[in-house]
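Hi everyone, thanks for coming. Let me put the structure up on the screen, and then we'll walk through it together.

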Amino acid sequence: MPSLLVKVQKKMTIFAHQKVRNALEGEYGSVFKGRSMDFDDLRVYVPGDDVKDIDWKATARSGQTLIRRYIAIRKHNIMLVVNTGRSMAATASSGENKRDVTVMTAGVISYIAQKHGDLIALVAGDKSHVQHMPLKGSTPHLERLLKHIDDHISLKSDTSQLSNILDYVARTIRRRMMLIIISDETEFTDDDERLFRRLQAQHEVMFIRIDDSSPGNQEIIDEAIYDVDEELALPQFIRRDVALEKAYQKDKEVRWHKASGVLTHHQITSVDITSEEDVIPQIVLLLERQKHAKRR
């Protein structure tokens with residue numbers, strides 16, 4: 001099977017233009033002080049400090065013993081929380097398989113994280129199963145992570161249930177993480193909101209929605225399509241009904257506006273991804289929103 005990570009990197013090469021390049025490279029600075037190559041400032045020596053940090057020239061000029069302090073470069077711990085339920089095997093609004101869009105999304109995030117020297121973990125599942133791949137940063141680990149997502153999103157998967165995955169994270173993950181949830185259209189339940197509150201109190205949380213196709217999607221209007229949950233074919237006369245398509249789009253907009261309101265209320269940054277080509281600009285947008293998000 002061709003490397004999924006190589007596929008992601010090829011897409012990065014095509015779409016990562018100069019405008020977004022700085023968002024995909026570099027290191028994260030930390031407010032913590034520590035040993036690194038980046039000088040920060042000087043302070044007076046106190047017993048217990050490492051004598052190797054003494055700045056002898058500054059000490060001679062000031063008449064008091066001064067040590068150098070540096071900006072520490074710290075790794076982020078990033079956890080992808082991915083819905084691999086049956087609904088993620090449906091069709092995206094672009095006409096692509098949502099599984100492929102999900103793998104590309106997880107791959108781009110993993111690639112960016114690896115470039116920064118970060119560690120990536122995965123929690124993925126459906127209504128009945130949740131699996132956890134621990135923090136690592138190696139290329140083989142990223143390939144296994146993407147392959148796990150690709151293998152477990154299928155029409156044979158159990159029903160999607162986001163709360164089951166979030167509950168697993170809330171119960172088992174104690175270390176502070178940057179959680180990036182990847183799921184599809186959903187109407188958040190009271191359990192979801194309770195879990196969002198709990199997770200946001202401990203972690204940084206972001207949400208990526210993989211957009212669903214509508215019944216009247218012109219990209220696939222001549223293809224046979226099915227409801228993945230009920231396994232029922234949608235007849236052409238329904239799919240070509242213009243009034244029905246408008247009603248569907250209006251309802252979809254209302255549902256996503258309501259879901260976005262829930263995420264905003266819990267201070268969770270979110271974006272909507274419709275296709276593989278949409279992945280990189282939307283992830284850059286997500287990171288920019290997260291950077292400038294206000295926190296209580």
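I'll start with the ground rules, then go through some strands, an aromatic cluster and a few helices.

This is a predicted model, so to speak of local features I need pLDDT of at least 70, side-chain atom pairs count only at pLDDT 80 or more, and totals for chains, interfaces and linings use all residues. Residues are numbered from 1 along each chain as its sequence is written, and side-chain values use heavy atoms, with hydrogens and water left out.

Let's begin with the strands. When I say helix or strand, I mean a DSSP run (H or I of at least four residues for helices, E of at least two for strands), numbered from the N terminus. Strands pair if DSSP finds at least two bridges between them. Strand E3, residues 77-83, runs parallel to E6, with 5 bridges joining them; there, Val81 stands opposite Ile181. E6 is also parallel to E7, through 7 bridges.

Now, burial. I call a residue buried under 20% relative accessible area, exposed over 50%, and partly exposed in between, using a 1.4 Å probe and protein chains only. In E6, 7 of the 7 residues are buried, so the strand is largely enclosed by the rest of the structure. As a reminder, side chains in a regular strand alternate between the two faces of the sheet. In E6 both faces are covered: Met178, Ile180, Ile182 and Asp184 are buried on one side, and Leu179, Ile181 and Ser183 on the other. E7 is largely enclosed too, because 6 of its 7 residues are buried.

Next, the rings. We describe a pair of aromatic rings by the distance of the centres and the angle of the planes. The cut-offs, for Phe, Tyr and the six-membered ring of Trp, are centres within 6.5 Å, with planes under 30 degrees apart counted as stacked, over 60 as edge-to-face and the rest as tilted. In the pair of Phe188 and Phe196, the centres are 5.1 Å apart and the planes are at 85 degrees, so it is edge-to-face. Phe188 counts as buried at 13% relative accessibility, and Phe196 is buried at 1%. Phe188 also forms an edge-to-face pair with Phe207, at 5.6 Å centre to centre and 90 degrees between the planes. Phe188 sits in the loop between E6 (178-184) and H7 (190-202), while Phe207 is in E7 (residues 204-210), so this pair ties together parts that are 19 residues apart in sequence. Phe188, Phe196 and Phe207 form one aromatic cluster.

There's a charge to look at as well: Arg209 lies over the face of Trp256, at 4.0 Å from the ring centre. The criterion is NZ of Lys or CZ of Arg within 6 Å of the ring centre and within 35 degrees of the ring normal.

On to polar contacts, meaning N or O atoms within 3.5 Å; within protein, one must be able to donate a hydrogen and the other to accept it, and residues adjacent in sequence count only if both atoms are side-chain atoms. Gln200, in H7, is buried at 15%. A polar atom of the Gln200 side chain lies 3.3 Å from the backbone nitrogen of Val205, and that side chain reaches the backbone oxygen of His266 at 3.5 Å.

Finally, H4. Helix H4 has 18 residues and reaches 26 Å from its first C-alpha to its last, close to the 26 Å expected, where the expected span is 1.5 Å times one less than the number of residues. At its start, a side-chain oxygen of Asn97 reaches to within 2.7 Å of the backbone nitrogen of Arg99. Just after H4, Gly117 takes a positive phi of about 80 degrees. H4 is largely enclosed, because 14 of its 18 residues are buried.

That's my tour, and I'm happy to take questions!
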